[in-house]
Amino acid sequence: MNSLALEDYLVFLVYFLFVALYGFWIYQKKKSKVADSKDYFLAEGSLTWWAIGASLIASNISAEQFIGMSGSGFQMGLAIATYEWMAAFTLIIVAVFFIPVYLKNKIFTMPQFLGQRYNETVAMIMAIFWLLLYIVVNLSSILFLGALAVSSISGIDFTVCMIGLAIFAIIITLGGMKVIGYTDVIQVFFLILGGLATTYLALELVASHYGETGVLKGFNLLTSQANEHFHMIFTKDNPNYIDLPGLSVLIGGMWIVNLSYWGCNQYITQRALGADLKTARAGLLFAAVLKLFMPLIVVVPGIAAYLLYKENVFSGEMFVDGKLMADRAYPVLLNLLPTGLKGLSFAALTAAVVASLAGKANSIATIFALDIYKKAFKKDVSEKSLVNVGKIVIVVSLLLAVVISPFLGIEKGGFQYIQEYTGFVSPGIFAMFVLGFFWKKTTSNAALFATIGGFILSVIFKVLPNFVDLEFLYQFGFAVPVDGVFEIPFIDRMGFVFVICVIGMAIISIYETNRGLKTNGLEIDSSMFKPDPKFTAGALLVIGIIVALYSVYW
């Protein structure tokens, strides 16, 4: 059983007290005399660009990245970093084209956008759907994977870890978005510092194994001795092609994954919706810059663990019940850290988990309070009561996650669990949003088709290999043999469903508008999409770095 030394617990205690006291200070300093729901849920006008950017990263990076992406780095190498680097590109697109639409039309929640653009039926269906998705898939998986990692490192009972993380998240979340936003800056500091400590140790271990010293030498040895793990684009005969299907990560379904997540997700966009356009864009650009460095923290350690495992530096620790478990890579490395640094990395992992839990719980509370409770249960509810409802929802949602997460099969593959299940709905949601933004003729029935039809199509594509031989698709790289059956990679599946949803929406919308149906447009003018020179320069720099990285590791 692994455990932490007294010094490690002291480091963690310093982190916990620092975050808790700083959060309390922010709450006291910035709390309003009159409870206001938009101020509580969105921190309207209170977050700076660096707080927005840090909060985006803190909410996004959690156990599924530290544990899941390191495990994927162990299994498939640097290619998994495409999720991070494409996200950086996506954040720039969202900053230029999506955020201006939300802010110009005073959008505070995603269901509110749907109600304003389509109708309240679409908004209510999606509000309920998002609540279920956020609790059952996102909140539960973050809590479960986080507790699993914390338990494996500290030796503390798994259930105790789950309850402890939930309580810590509740403490942060009850202070509202202001407290979350500013404490996330501290969380990101610990996250990056602790993550870099683990990467440093991993590269030093690689160097020392070959009789060398220094992290740069360790990285050079990593690229030479594990060269097969430093290719970004897989060929269709690669065993990992099913997860990252070749050029689809650059020109296919990966864009649906990222644009849906970063541009149409309450959990993410909420950070920027309370700011002015310039501040919001600067925050998103800052998040994009931080995203460039994330693979150094969450992927490189996994590749180092692969090489050390291959060289028999450690081996038994990677097995569970006689089976090699790639997701063990990061916890195994953490347990090799010296006393003190182990506590720092433990704090970093906890920071990532708690920040994500807090952000997700706040989004759940926002959607329930503003889009369900206020509209369906009590339209004349006071601002104070609305905030109190949100606080109750925060506690209830985290308690539900504690209860149901052990029964969802998340341990079979955390990162894949999240991607697979959100992938059933992302194409339809993204189609509904992007056509709603930029095509005035899009109707509410077309939106319902994308929502419901997109989910049904995703299920059909998932089960199709059980009834139809898809070998002919293999020639085009759109199917991969898995246990004797040709399956469609889920990234390609999302691309197919998105295209079908767009075509279906166009047909329905043209038919209905030709019959005289009026649609609800948005307030849009071309000038709002023009970024300022500083943002443009920063965005071009980020894009240039991404292109250079893909050129080097193609």
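In the predicted model, helix α20 (residues 426–438) and helix α23 (residues 490–514) pack with their axes 8 Å apart, at an angle of about 40 degrees. The crossing of α20 past α23 is right-handed. On the α20 side, the contact is formed by S426, P427, G428, F430, A431, M432, V434 and L435, and on the α23 side by M494, V497, F498, C501, V502 and M505. By class, the residues of this contact comprise 12 nonpolar, two polar and no charged.

Helix α20 also packs against helix α6 (residues 110–117); the axes of this pair come within 11 Å and cross at roughly 50 degrees. That angle makes α6 oblique to α20. The crossing of α6 and α20 is left-handed, whereas that of α20 and α23 is right-handed. From α6, the residues M110, F113, L114 and R117 meet M432, F433, L435, G436 and F437 of α20. Seven nonpolar residues, one polar and one charged make up the contact of α6 with α20. M432 and L435 of α20 take part in the contact with α6 and also in that with α23.

A further helix pair is formed by α14 (residues 277–298) and α24 (residues 533–552), the axes of which come within 10 Å and cross at roughly 20 degrees. Because angles under 35 degrees count as roughly parallel, α14 and α24 are assigned to that class. The crossing of α14 past α24 is left-handed. R281, L285, A288, V289 and L292 of α14 make the contact with F535, G538, A539, V542, I545 and I546 of α24. The contact of α14 with α24 contains nine nonpolar residues, one polar and one charged.

The largest nonpolar core contains 186 residues, and those with the most contacts inside this core are Y102, L114, W130, L244 and F433. Helix α7 (residues 120–154) gives the most to the core, with 17 residues. Two of the residues named for the core, L114 and F433, also belong to the contact of α6 with α20. Y102, another residue named for the core, touches I107, M110, F113, G263, C264, T269, L273, F433 and F437, not counting residues up to four places away in sequence. Among these partners of Y102, M110 and F113 lie in α6, while F433 and F437 lie in α20.

Two individual positions, each within a helix, were also examined. G23 is found in helix α1 (residues 6–30). With a relative accessibility of 5%, G23 counts as buried, because the class requires a value under 20%. Residues up to four places away in sequence being excluded, G23 touches V179 and T183. The C-alpha atom of G23 is separated by 9.8 Å from that of T173, although these residues are 150 residues apart along the chain.

S248 is placed in helix α11 (residues 248–251). This residue, S248, has a relative accessibility of 11% and likewise counts as buried. Apart from neighbours within four places in sequence, S248 is in contact with G253, M254, I491 and D492. Of these partners of S248, I491 and D492 fall within α23 (residues 490–514).

Notes. Residues numbered from 1 in each chain as written. Predicted model: local features only at pLDDT ≥ 70, side-chain atom pairs only at ≥ 80, totals over all residues. Heavy atoms only, no water. Axes fitted to C-alpha atoms, helices over the stretch in contact; angles between N-to-C directions. Helix = DSSP H or I, 4+ residues; strand = E, 2+ residues; numbered from the N terminus. Parallel < 35°, antiparallel > 145°, perpendicular 65-115°, else oblique. Left-handed = near helix turned anticlockwise from the far one by under 90°. Contact = heavy atoms within 4.5 Å. Nonpolar A, V, L, I, M, F, W, Y, C, P; charged D, E, K, R; others polar. Buried < 20%, exposed > 50% of the residue type's maximum accessible area, 1.4 Å probe, protein only. Core = buried A, V, L, I, M, F, W, Y, C linked by side-chain atoms within 4.5 Å.
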